[in-house]
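Please look over the sequence and the structure shown here, and then read the report on selected features that follows.

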2 protein chains.
Amino acid sequence: MIPEARDLTAFFEPKSIAIIGASGNFDIISGKPLRFLQEHGYQGAIYPINPRYEELAGIPCYKSILDVPGEVDLALMAVNYKLVLPILKDCVTKGVKHTIIFSSGFAETGEEGKKLQEEIAQLARESGMGICGPNCQGSVNLRNKAIGGFSAALGVKPLKVGPIGYVTQSGALGYSLFSLAQEAGVGFSCVASTGNEVDLHTLDFVEYLLEDDGTTMVIAYLEGIKNGRQFARLADRALELRKPIVTLKAGRSAVGQKAASSHTASLTGSDATFDAFARQKGIIRVDDIQTMIDIPALMQRIPELPRGRRLAIITTSGGGGILAADEAAAMGLEVPELDADTQAAIMKRIPPYGSAMNPVDITAQVINEAEGFMEVLQAIVDHPEIDALVIVISQITGGPGRQMAEDIVAMSRKTHKPITVAWATSDALVGDNHRVLTDGEVQWYKSPVRAVRAMGSLMNYAAFRDSRVASGGATSAAAEPQATGQAEAARALLAGTDRTLTEHQGKQLFSLYGIPVTGEAVAHSEDEAVTIAQKLGFPLAMKVDSPDILHKTEADALRLDLDSADAVRAAYLEIMANAKSYAPDARISGVLVQEMVTGATETIVGVNVDPQFGPTVVFGLGGIFVEILKDVAMRVAPVSRQDAMEMIEEIKGYKVLAGARGQAKADVDAIADVIVQVSRMALELEDEIAELDINPLLVLPEGKGARVADALVIKR
Amino acid sequence: MIPEARDLTAFFEPKSIAIIGASGNFDIISGKPLRFLQEHGYQGAIYPINPRYEELAGIPCYKSILDVPGEVDLALMAVNYKLVLPILKDCVTKGVKHTIIFSSGFAETGEEGKKLQEEIAQLARESGMGICGPNCQGSVNLRNKAIGGFSAALGVKPLKVGPIGYVTQSGALGYSLFSLAQEAGVGFSCVASTGNEVDLHTLDFVEYLLEDDGTTMVIAYLEGIKNGRQFARLADRALELRKPIVTLKAGRSAVGQKAASSHTASLTGSDATFDAFARQKGIIRVDDIQTMIDIPALMQRIPELPRGRRLAIITTSGGGGILAADEAAAMGLEVPELDADTQAAIMKRIPPYGSAMNPVDITAQVINEAEGFMEVLQAIVDHPEIDALVIVISQITGGPGRQMAEDIVAMSRKTHKPITVAWATSDALVGDNHRVLTDGEVQWYKSPVRAVRAMGSLMNYAAFRDSRVASGGATSAAAEPQATGQAEAARALLAGTDRTLTEHQGKQLFSLYGIPVTGEAVAHSEDEAVTIAQKLGFPLAMKVDSPDILHKTEADALRLDLDSADAVRAAYLEIMANAKSYAPDARISGVLVQEMVTGATETIVGVNVDPQFGPTVVFGLGGIFVEILKDVAMRVAPVSRQDAMEMIEEIKGYKVLAGARGQAKADVDAIADVIVQVSRMALELEDEIAELDINPLLVLPEGKGARVADALVIKR
């Protein structure tokens, strides 16, 4: 179930903030929030609460939250963990809208803490009061200075305000990252540290920030998420809103996952699933805090997202251009050669040993002829097949460096195309020229790779986003299962089977969802077998149909390549006899007579269930591709048709389907249909089906469809 | 051929430096070297040369290099390109030992420049005078202040001296990187920018720096190298010396390669080959200038290389530890769980919600109980199964932060185990505590990933190095071909064949090198065919043996699975008849009667020739593995047995050989033998053989060997 959006207005725009356990030592956890609120100039009411003080920092101090005269939108709690629950009850009585619990001593400490935390969770559910934490470092709205946190990072003045929203599941690392981002000039709208997530959790904050008008990008440090389907809905909404989500998801590795699960209470789930999910939803996934800062730093300074993947690289040093081009290629960007006219215009302003192809190498000659640079920039910006510019400057210092910086700032004000700069030189040499860029709101980095990685992330995001919006696939509605009669019919069928369905029952189930299966029927006599055979046509396969005999080869109850009525007749008798002798007590409903599909490619479509994301669909080629190479593509259900096509093209063995080695191109459309329907089925029957594997799905040449040849379906 | 080592003593330790074209404007290219030499305090003789001045900066100025009274070890040239050749001739006359040509206008500008450059090259060859450049930014020995360059990066005071040697093929990017490295505290021994490499080239400088006692690591920015075999010899020597080579090799991508080949005169070669070479020789390859700085920054500050791949991560923030562990896993490091005693010792000093497993999460509680940290560090350093430590600090500031920094410095002085720190917090918060680490020669980074990447690079290097030294594979001698009679016999055989060898000739060639081939012989009559068949045993294959019929199936001149003397007799007649009717003019020597190998796995062993590295050996599985998945491993010849085993294990399909899906384990030792011998053969017959492909090499189960079943050999 996807929970309702939480109203966090009073959380981030509180008219009043109470600080329960406020201290007169303004350097400790319980003292810092009051100091920060005053120093940064919060305009709402502040209510320190501590029976030991009459007043604190010139403000009246109250014995209890119940004594506060006005309404309380947000209460911060920095008290011993044993006091938390009774005080929360007072907060409920008082009608406090939201609380943030800094205190630790809960689920992270063991069984006793877990129980206490569960009581808090129950209070939250019953009262409707929003509870953030416990064991968190709090939150802040940088715009109205509503500082509900104690991190030293919030004591730095001034805090840089901007359009980046930030949610972190790690308090210490989270605010460290915040401090580094502020140092790098990243401006934030709101920050939330979510701690143990007893009530308000990461996705609640992501949802609020996505809908916040002053936020253009949401970045999130994640260790595990509570509700994959909610995340999917939010990710779709983010695409609609054109607001990229950037995640640093820890726990990529087994050792990292182990550390993560000991660190937070949340289930971490499979990293492969998260990775597939990020790819499916256009979420920008990064591996390091540096990239997590580099991307929003650029985002906040560009006029709009790039409109595609075509990058121009302009460099004063051949080497810098090559490094940038290498990284662009690694990210899947295009670095298109410029057309002849543009090249000619550029060559007029650069020396003959420069290059106008792209990377455009203007050479260090720009030192002697600074005015040419602006014309080169203009020619590239005017080029319709360029979506963004990365300018790599190496050793241009002093006056010429300043001129370049000023030209770049001027150009970035004139064009909607995003521009960023790699100025790969020490501060000692570049001096104030860096500042010209920063003051002009042009983002710069000290490495070509970092510049391309940041710009490329936004280019790939924008291209993905456009592909989804163009196909209508980004709307939340499209991602929800539709009510049809199919699920009811399927449930009726499932009610009459054992836990493990027979092959024939499984195929009946697929047929209900319009998934093509091999032509087949169960024969209960030799004559019936022949009648079915004549309807299906030869060659045929025959096998025992029994819920109790899973290993048909072992039972010698399987015959292939039958090509005449006589052969069918003989096979019927043999299979029945062998099955009965193999398992005398087995329930045998007859012999399955089955169309044999020839000239097909074997593929596999399966469903796994992820603890966070629910059913996920896996696709791969049969045989060594899956068994040896683990060459599979995965997506979280529901899988759109576009997702399905991308899955098929993503596997390394795709060339086999595309017609390598002289084979006919396989019917990939038919595969996509199957994937989409399996995803829908897995979602609609989520409560009924535990396991589902089509192996093999036989795929015929283009236009000829696909057939489920065998399948395993196990009920919950 | 591998050139002799160049004696660069006078280049880097010149007793005198002449500056030809010296200017009185000390801010331009021709003026800066004199200023830099004086400002940094070079102690040798300086001879400015320019007919327009009597003296410069208080030093007598000469009209010509010929007028200089003393000997000249090194002459710098900053003159118009047209003057370069005549002045070089004067330098030869004068007996100048080395020159550095800053001037551009040579091969990088077109045909005329190329011709001029070739004349310079010839002068260098004839005279023996070392020439660096042209079109370079010069070189510097930071220890004796012999500054032969003009980059603004050399004007910063003081230049940080240290044990890192640096060679760059890009002047502008190269010295930009130098400036950033200096900013990051990296100390250098010598730097060389090589420009167009008319004479002295990258590997000459790498060789000098490897042998330099004050240099412990060589870093190199590369676009293309001239002599792969020389590089191989140097890389082996570097392993012996325990001096890591770090390369930033531009041109990973097609677009980057295109830009690189337009940027430098050097052939770029295949990036895949370079990558394989780096893996084979333990060269640390990085993709960004940041990593190119991060690794030497750590190297210069650790007491010795780590002794293995086992990393301990100590963190004050769970999240930071997880990110570090993820990166460690991605790099193939181990993050072993600590033993029970060590865990118990650690748990005594950290709160119960911390973790002693590894990552060791000491939590922010260290703020309140700083003395525990040193004990935790000691317990981990004492652990015999830990080779290095990465300490991740998030928001520990002020006094506790200082205490941590001091403890880390103290511990790093006590232990031989390398320690580095990720202090992921802004300068504003960490304040002077960073400096405690820096002053204590402890390298720190602002990101856990960067810290692990730097340490991990050295750990992987050390582990590789030890594996090579243990096997004796790191010595240069082992890498050189040995004189045997095989090459002579092979040349005699090749002298008697067409350009494309017949299958049987190819196998004879392999047999000369002890490479096992299918049992076979050419029959010239039915009776002879039967005699051969009875010797080989059934089943057999037979095919026409003709240099003119390559497509035997098309000619219907191939028979398989023959299992009796009669069948052999019939096959002989049919094949001869079909071959004659298919190609009446073909030279037919008879019919090849061949052992049929069953129960084998198909593999491929091939040889490519790289323009820089010469013969490279490629290995893969047959069928889709190579054709669809490009799943191959490559190494530069000569391939050691250890290299060969690593190639076999490196392919994704290795599981097939290791016995996946119930199959017997294949005879990988036999494959390794074939790879080693093919590599030797390719090297010894480099001048004779243009192409060589064993396809398939049939590999039998363990202990049963392998057989070349078919092969293509084409002569030059």
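## Backbone angles in two loops of chain B

B:Lys145 belongs to the loop of chain B that runs between strand E8 (138-141) and strand E9 (146-149), in what is a predicted model. The phi angle of B:Lys145 is near 60°, a positive value in a residue other than glycine, and with a relative accessibility of 22% B:Lys145 counts as partly exposed.

A second residue of this kind is B:Ala57, whose phi is near 50°, again positive although the residue is not glycine. B:Ala57 is placed in the loop between strand E3 (55-56) and strand E4 (59-60) of chain B, and its relative accessibility of 34% makes B:Ala57 partly exposed. As background to both cases, most residues other than glycine have a negative phi, and most peptide bonds are trans.

## Cis peptide bonds

In chain A, the peptide bond that joins A:Phe538 and A:Pro539 is cis, with omega at about -5°. A:Pro539 is located in the loop between helix H20 (526-536) and strand E21 (540-545) of chain A.

In chain B, a cis peptide bond with omega of about 5° joins B:Asn695 and B:Pro696, and here the proline, B:Pro696, is part of strand E27 (residues 689-699) of chain B.

## The loop between E1 and H2 of chain A

The loop that lies between strand E1 (16-20) and helix H2 (32-40) of chain A contains A:Ser23, and A:Gly21 has its place in the loop between E1 and H2 as well. A:Ser23 has a relative accessible area of 8%, which is under the 20% cut-off, so A:Ser23 is buried. A:Gly21, with a relative accessible area of 17%, is also buried.

Leaving aside residues up to four places away in sequence, A:Ser23 touches A:Ile28, A:Ser30, A:Gly31, A:Tyr53 and A:Leu56, while A:Gly21, with the corresponding residues left aside, touches A:Ser30, A:Ile49, A:Asn50, A:Ala78 and A:Val79. The C-alpha atom of A:Gly21 is separated by 44 Å from that of A:Gly440, which is 419 residues away along the chain.

## Strand E21 of chain B and its partners

Strand E21 (residues 540-545) of chain B is mostly covered, since six of its six residues are buried. E21(B) runs antiparallel to strand E22 (residues 558-562) of chain B, to which three bridges join it, and E21(B) is also joined by six bridges to strand E23 (residues 590-595) of chain B, again in antiparallel fashion. B:Lys543 has B:Leu558 as its bridge partner in E22(B), and in E23(B) B:Lys543 stands opposite B:Leu592.

## Helices H11 and H17 of chain B

The axes of helix H11 (residues 318-330) and helix H17 (residues 448-470), both of chain B, come within 8 Å and cross at roughly 35°, and the crossing in which H11(B) passes H17(B) is right-handed. On the H11(B) side, B:Gly320, B:Leu323, B:Ala324, B:Glu327 and B:Ala328 take part in the contact, and they meet B:Pro448, B:Val449, B:Val452 and B:Arg453 of H17(B).

## The interface of the two chains

Across the interface, 79 residues of chain B are in contact with 79 residues of chain A. The two chains bury about 6000 Å² between them, with 64% of this area on carbon and sulfur atoms. B:Ile322, B:Gln395 and B:Ile628 supply 11% of the area that chain B buries against chain A, more than any other three residues.

Conventions. Residues are numbered from 1 along each chain as its sequence is written. Chains are lettered from A and ligands numbered from 1 in the order in which they are written. This is a predicted model: local features need pLDDT of at least 70, side-chain atom pairs count only at pLDDT 80 or more; totals for chains, interfaces and linings use all residues. Side-chain values use heavy atoms; hydrogens and water are left out. Axes are lines fitted to C-alpha atoms, for helices over the stretch in contact, and angles run from 0 to 180 degrees between N-to-C directions. Helices (H or I, at least four residues) and strands (E, at least two) are DSSP runs, numbered from the N terminus. A crossing is left-handed if the near helix is turned anticlockwise from the far one by less than a right angle, and right-handed if clockwise. Contact means heavy atoms within 4.5 Å. Buried means under 20% relative accessible area, exposed over 50%, partly exposed in between (1.4 Å probe, protein chains only). Two strands pair if DSSP finds at least two bridges between them. Buried area is the accessible area (1.4 Å probe) that two parts lose on being put together, summed over both.
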